Amino acid sequence: MARAKSPKSPPRSPWRRRFVRALQVLVAMTLLGVAALAIAVYVAKAQLPSLEELKSSPNGQMIRVHASDGSVIVSLGPSYGQWLPYDRIPAVMRDATVSVEDRRFRSHLGVDPIGVARSFKVRLERGRWTQGGSTITQQLARTIFLSTQKKFGRKFREAILALAIERQFTKDQILELYLNKVYYGGGAYGIDAASRRFFGHGADELTLAEAAVIAGLVKAPSNYSPTADVDAARGRAGVVIEVMKETGAITAGEAARADVEGLKLAPEPKQNSVRYFTDWALPQLDVLIDEQQAPLEVWTTLDPAMQRAADAAIRNNAPAGAQGALVSLDRDGAVRAMVGGTDYVSSIYNRATQAERQPGSAFKLFVYLAALEAGHKPEDTIVDEPVTIDGWSPRNDSRRNSGAVSLRTAFAYSLNTVAAKLGQEVGFATVADMARRFGITTAVNTHPSMVLGTSELRLIDITRAFASVANKGVAVAPYGITRVTANGETIYTHEVDRSHVLVAPYVAAQMTDLLQTAVNTGTGRAAQIGRPVAGKTGTTSSSKDGWFLGFSSGLTTGVWFGRDDARPIRGLSGGRAPAEAFAAFMRPAVAKRPIEQFETQVTLPEWQLEPDEESYYGDPGNGEADGGMMVDPDGNPIAPPDDAEEATAEDPRSGAADTAPATLDDLNQDWIDRVTGRGEPARGAPPPPQRTPPPREPQDERPTQ
């Protein structure tokens with residue numbers, strides 16, 4: 001009897017076959033991934049340094065900065081305290097760190113899946129990453145081996161290293177490494193450095209409140225640093241203590257007794273104006289050298305004695321409520337002194353290198369350089385008269401015009417109308433090009449009023465321009481770093497470039513001639529120091545800025561005074577506080593240098609009568625007072641009438657006023673006699689030649705817009 005055929009089983013569904021195949025592929029890929037991960041962890045573990053090697057490895061680059069005499073002026077970079085073994089680290093410090101940074105530290109394998117899941121959840125809810133989910137082990141891997149860039153590749157390498165570290169070291173060793181290596185802000189690496197930095201004692205003496213402050217810094221050292229924001233640091237410490245209570249690390253009673261508000265911080269180390277210089281010079285290391293790890297010895301151009309003199313000159317001469325800045329360059333561009341403000345502790349803003357302010361008449365340096373290069377000479381005559389250029393009508397500060405004058409006279413007394421005429425003649429674009437040629441890096445406009453200094457510039461840039469004139473027209477580039485060594489080997493040496501000629505030597509010599517005149521008899525007499533000086537004052541409208549820039553004996557110095565909010569300062573002018581600060585600094589700065597005569601002899605302008613030795617290098621108190629105003633022999637200011645055409649003449653012998661309008665010629669003799677102190681001319685003596693009296697220093701008339 002034939003066996004009955006069994007019925008055929010129904011064919012498998014194609015979807016089921018695909019699912020099984022996909023599951024098989026997924027399992028295979030998972031196994032391959034796990035194997036690859038295991039191999040990667042094994043390789044990473046084999047390459048890890050030993051515990052002793054990690055203890056001795058540096059955390060960052062240390063930099064010691066030397067002055068020109070070799071003395072150390074500042075040490076920067078990370079600070080390290082004593083390495084504390086695990087059993088010497090206070091339990092409150094260990095518990096605070098684990099509670100706030102990684103409460104499952106003792107149970108995970110280096111990566112916390114729960115923390116990662118929570119991080120992704122927050123990312124989806126808030127639309128941005130606010131929690132990284134990194135464990136203490138991952139943070140240690142990042143601190144020692146990786147950067148802080150937030151990229152997936154870095155996070156993957158971080159996870160591999162964390163797993164390897166967990167295989168290589170015990171939990172206690174990992175926590176010891178972490179607490180001695182992590183950055184806590186303020187340049188402090190490790191809990192001992194942080195404790196000494198913020199509380200003035202070692203980490204083995206930390207209280208619960210102090211430990212909470214330090215543990216709270218890891219999340220954002222700059223935001224929660226006690227030295228930056230003590231209230232934020234205390235608030236963050238309160239959060240840490242609450243978390244410790246939640247995790248059972250401390251009792252409610254211990255949390256209540258933690259006196260966070262009563263914490264006493266260590267006093268801040270004193271800072272001085274040297275930091276203005278180092279803040280400017282040290283960032284240049286990024287382009288000068290490639291060394292990023294080895295400790296560096298940086299040798300600079302700063303002269304400590306000159307720096308002290310510069311600091312005193314700015315502090316002692318700054319008008320009330322004003323800030324000040326000073327830069328002094330040697331003939332090769334070496335920065336010998338730099339002051340960026342009256343007090344570095346209260347303001348680290350460097351007004352010598354960062355602030356952009358209108359220079360006023362100091363900008364006329366470029367106007368006259370362009371005119372001299374175009375063929376003018378200091379003796380050339382030009383008419384000081386009303387002028388209108390494209391609807392702009394500049395005025396002299398005296399509100400008068402003096403007729404035909406030499407360029408020397410116009411520069412010495414800073415006549416605005418003459419500067420405007422020269423700018424129009426050579427071209428305002430040419431003047432702007434001259435400024436850029438001499439190192440002005442900020443934008444220079446080409447409006448007619450630009451000749452009076454309406455474009456903003458930096459003190460260090462215009463000081464560089466004056467130094468280039470003093471250097472006979474050869475470009476001077478400011479520099480602060482002369483040499484850098486690492487592990488005893490020189491890795492950088494500065495080389496001075498003397499090949500860049502800006503103007504012909506004769507143009508620089510003629511400009512020096514004009515600058516000498518401005519100091520000897522013009523608006524800058526307060527800058528005299530008993531030896532040849534060439535320079536220029538600058539005062540902006542409403543006395544918002546005062547400048548003096550000049551050079552002597554191979555040293556070029558620029559001084560600025562003004563308010564950060566650009567509000568007017570009563571009585572501020574380039575011929576007063578800035579010129580006086582210049583002199584106060586330069587006297588000691590050049591005292592040990594030989595007296596150097598300029599190539600051009602001093603030639604006085606036509607308004608300086610009967611010149612004597614004091615007219616050249618005399619006591620500034622016997623000549624021009626501030627603002628280009630003349631003074632009598634007793635030091636009392638004497639100014640010509642504001643409007644000679646409408647003033648009434650007064651007989652100096654009787655004191656009676658003449659009711660008839662006086663002409664300019666009627667006033668000249670009386671004015672000259674009062675200025676020179678000669679009184680009445682001798683009987684029968686011929687009258688002195690009639691001269692037009694000099695105006696006061698202009699306050700850089702601005703166009704009315």
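Biologist: What makes strand 6 (residues 323–330) mostly covered?

Modeller: In this predicted model, eight of the eight residues of strand 6 are buried. Gln-323, Ala-325, Val-327 and Leu-329 point one way, Gly-324, Leu-326, Ser-328 and Asp-330 point the other way, and all are buried.

Biologist: How do you know that strand 6 and strand 14 (residues 555–562) pair?

Modeller: Pairing requires at least two bridges, and eight bridges join strand 6 and strand 14 in the antiparallel sense. Within this pairing, Val-327 stands opposite Gly-558. Strand 6 also runs antiparallel to strand 7 (residues 335–339), with four bridges between them; here the partner of Val-327 is Met-338.

Biologist: What do strand 6 and strand 7 form, and what is the phi of Gly-333?

Modeller: The two strands form a hairpin with four residues between them, and Gly-333 in the turn has a positive phi of about 100°.

Biologist: Which elements do the buried residues of helix 22 pack against?

Modeller: The buried residues of helix 22 pack against helix 15 (304–317), strand 6, strand 7, strand 13 (545–552) and strand 14. Among the buried residues of helix 22 are Phe-582, Phe-585 and Met-586. Helix 22 (residues 577–589) has 13 residues and reaches 18 Å from its first C-alpha to its last, close to the 18 Å expected.

Biologist: How many aromatic pairs does the structure hold?

Modeller: The structure holds seven aromatic pairs.

Biologist: Why is the pair of Tyr-276 and Tyr-344 called edge-to-face?

Modeller: Ring centres must lie within 6.5 Å for a pair, and planes over 60 degrees apart count as edge-to-face. The centres of Tyr-276 and Tyr-344 are 5.0 Å apart and their planes stand at 85°, so the pair is edge-to-face. The pair links distant parts of the chain: Tyr-276 belongs to helix 13 (residues 274–281), Tyr-344 to the loop between strand 7 and helix 16 (364–373), and 68 residues separate them. Both tyrosines are buried.

Biologist: What angle and distance describe the pair of Phe-363 and Phe-366?

Modeller: Phe-363 and Phe-366 have 65° between their planes and lie 5.1 Å centre to centre, an edge-to-face pair. Phe-363 and Phe-366 are both buried.

Biologist: How do you know that the charged end of Arg-94 sits over the ring of Tyr-86?

Modeller: The distance criterion is within 6 Å of the ring centre, with a further limit of 35 degrees from the ring normal. The charged end of Arg-94 is 4.4 Å from the centre of the Tyr-86 ring and sits over that ring. Lys-536 lies over the face of Phe-411, at 5.7 Å from the ring centre.

Biologist: Why does Asn-487 count as exposed?

Modeller: Exposed means over 50% relative accessible area. Asn-487 has 64% relative accessibility and therefore counts as exposed. Asn-487 is in the loop between strand 10 (481–486) and strand 11 (489–493), and its phi is positive, about 55°, although Asn-487 is not a glycine.

Biologist: Is Ser-553 buried or exposed, and why?

Modeller: The limit for buried is under 20% relative accessible area. Ser-553 has a relative accessible area of 3%, so Ser-553 is buried. Ser-553 is placed in the loop between strand 13 and strand 14, and its phi is near 55°, a positive value in a residue other than glycine.

Key:
Residues are numbered from 1 along each chain as its sequence is written. This is a predicted model: local features need pLDDT of at least 70, side-chain atom pairs count only at pLDDT 80 or more; totals for chains, interfaces and linings use all residues. Side-chain values use heavy atoms; hydrogens and water are left out. Buried means under 20% relative accessible area, exposed over 50%, partly exposed in between (1.4 Å probe, protein chains only). Rings of Phe, Tyr and Trp (its six-membered ring) pair if their centres lie within 6.5 Å; planes under 30 degrees apart count as stacked, over 60 as edge-to-face and the rest as tilted. The expected span of a helix is 1.5 Å times one less than its number of residues. Contact means heavy atoms within 4.5 Å.
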